[in-house]
Amino acid sequence: MGRCRVSSPVPIRPALFESAAQCERTGPCYPARSLKESAAAAMGIHDVHAHLTHPLLREHSDAVLDRAAKAGLSRIISNGLNPEDNAAVAALARRNQLVLPAFGLYPVDAVLPEMLAMGMEYPREAGAWTGEEAVQWVNKHCDDAVAIGEIGLDGYWVPEELWDRQEQLFRSLVQLAIDRDKPIIIHSRKRERRCLEILEEMGTRRANFHCFGGKVKLARRVAEAGFYLSIPANARRSQSFTRMLETLPRSQLLLETDCPYLAPQRGEDNEPGNVAVTADYAAELWDEDSDAVVRQLEENFFRLFRVEP
Ligand SMILES: [Zn+2]
């Protein structure tokens, strides 16, 4: 694995992207009125939750990253789901300085062999590793990651019989993050309250809840506990994310895409450049100019992840 990116950040140079392959898609995926056109672009915005190694994105990741840089992004955290995906994230981050690697164990992958053995269906095959081996992978490569993620609990796909097993692996990863002083990126679908309980009980200090699906009242509890929440690019069509942007402490909000999912327009593939849409939306809701919004969000990013611009 490469050098540590956290302590020796390298500024993004546009020249990096000059030879980027042309994307097959027509037209840019970021909005015409992107932050690039404002002075805010000088500082840059971030995406704390991307899956750049997803089959829908990895074939043309150079073009995706080119568009992200043009939309004003300075940092993209690509989240790994399992040992194979973590290795792909690490390779991509070595190749492109815009990408920061997070290594994790997706809460469905954590118990996927057990789910499939129970006869359940899931759109992905199980890997050739046990949950413990997947945790060991993260342990071994932790120094090269900017964060541990995506990890967490999932009660949407995973049946209740496997929740104890899922929780056991999650706790191992949370402990690892605490021991190694790494921030955590949390998936909490249908298990939001339990994730919060575990993080508080274990004494976690640095965590971001990605794409929080619980009630806004519970999101407020998450913020009160000192954790961050990242708002996806589809916030404008979500009452819940709109309320979070309006009412949660601005010093604990971040931007994410969860790309290729959760595009601003339903049915489209998402990509990191689309976080500019949420930054614009926050500027509207907060009645602030783009520069002030970007400055606030970047301060939050650096406070949690300790990565320089
Ligand atoms: Zn994700």
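The legends below describe close-up views of one predicted protein model.

Residue numbers start from 1 along each chain as its sequence is written. Because the model is predicted, local features need pLDDT of at least 70 and side-chain atom pairs count only at pLDDT 80 or more, while totals for chains, interfaces and linings use all residues.

**Figure 1. Overview of the protein chain.**
The secondary structure comprises 11 helices and 8 strands. Helices (H or I, at least four residues) and strands (E, at least two) are DSSP runs, numbered from the N terminus. Of the 309 residues in the chain, 49% are buried. A residue is buried if 20 or more other C-beta atoms lie within 10 Å of its own, exposed if 12 or fewer, and partly exposed in between, with C-beta atoms placed from the backbone. Among contacts between residues at least 6 apart in sequence, 75% join residues at least 24 apart. Two residues are in contact if their C-beta atoms, placed from the backbone, lie within 7 Å.

**Figure 2**
The 8 strands form an open sheet with parallel pairing, in the order β1-β2-β3-β4-β5-β6-β7-β8. Strands β1 (45–50) and β8 (253–255) stand at the edges with a single partner strand each, so one side of each is left without a neighbour in the sheet. From one strand to the next, the twist averages 30°. Two strands pair if DSSP finds at least two bridges between them. Strands of a sheet pair through backbone hydrogen bonds, either parallel or antiparallel.

**Figure 2. Strand β2 and its two partners.**
Strand β2 (residues 73–79) is joined to strand β3 (residues 99–103) by 4 bridges, and the two run parallel. Within this pair, Asn79 stands opposite Ala102 in β3. Strand β1 is likewise joined to β2 by 4 bridges in a parallel arrangement, and Asp47 has Ile76 in β2 as its bridge partner. Strand β2 is mostly covered, with 7 of its 7 residues buried.

**Figure 3. Strands β5 and β6.**
Strands β5 and β6 run parallel and are joined by 3 bridges. Ile184 stands opposite Ala207 in β6. In a regular strand the side chains alternate between the two faces of the sheet. From strand β6 (residues 207–210), Ala207 and Phe209 point one way, whereas Asn208 and His210 point the other way, and all are buried.

**Figure 4. Packing of helices α10 and α11.**
Helix α10 (residues 275–286) packs against helix α11 (residues 290–305) at an angle of about 115°, with the axes 9 Å apart. Helix α10 is therefore roughly perpendicular to α11. Axes are lines fitted to C-alpha atoms, for helices over the stretch in contact, and angles run from 0 to 180 degrees between N-to-C directions. Angles under 35 degrees count as roughly parallel, over 145 as roughly antiparallel, 65 to 115 as roughly perpendicular and the rest as oblique. The crossing of α10 and α11 is right-handed; a crossing is right-handed if the near helix is turned clockwise from the far one by less than a right angle, and left-handed if anticlockwise. Ala279, Asp280, Ala282, Ala283 and Trp286 in α10 meet Ser290, Val293, Val294 and Leu297 in α11. By class, this contact has 7 nonpolar, 1 polar and 1 charged residues. Ala, Val, Leu, Ile, Met, Phe, Trp, Tyr, Cys and Pro count as nonpolar, Asp, Glu, Lys and Arg as charged, and the others, Gly among them, as polar.

**Figure 5. Packing of helices α6 and α7.**
The axes of α6 and helix α7 (residues 192–202) come within 11 Å and cross at roughly 40°. Helices α6 and α7 are therefore oblique to each other, and their crossing is right-handed. From α6, Phe170, Arg171, Val174, Gln175 and Ile178 meet Ile198, Leu199 and Met202 in α7. The contact of α6 with α7 has 6 nonpolar, 1 polar and 1 charged residues.

**Figure 6. Cis peptide bonds.**
Gly149 and Glu150 are joined by a cis peptide bond with omega of about 15°, and Glu150 belongs to strand β4 (residues 147–152). The peptide bond from Cys259 to Pro260 is also cis, with omega near 15°. Pro260 lies in the loop between β8 and α10.

Asp181 has a positive phi of about 55° although it is not a glycine. Asp181 is found in the loop between α6 (163–179) and β5 (184–187), and counts as exposed with 10 C-beta neighbours inside 10 Å. Arg306, also a residue other than glycine, has a positive phi near 55°. Arg306 lies in the segment after α11 and counts as partly exposed, with 16 C-beta neighbours inside 10 Å.
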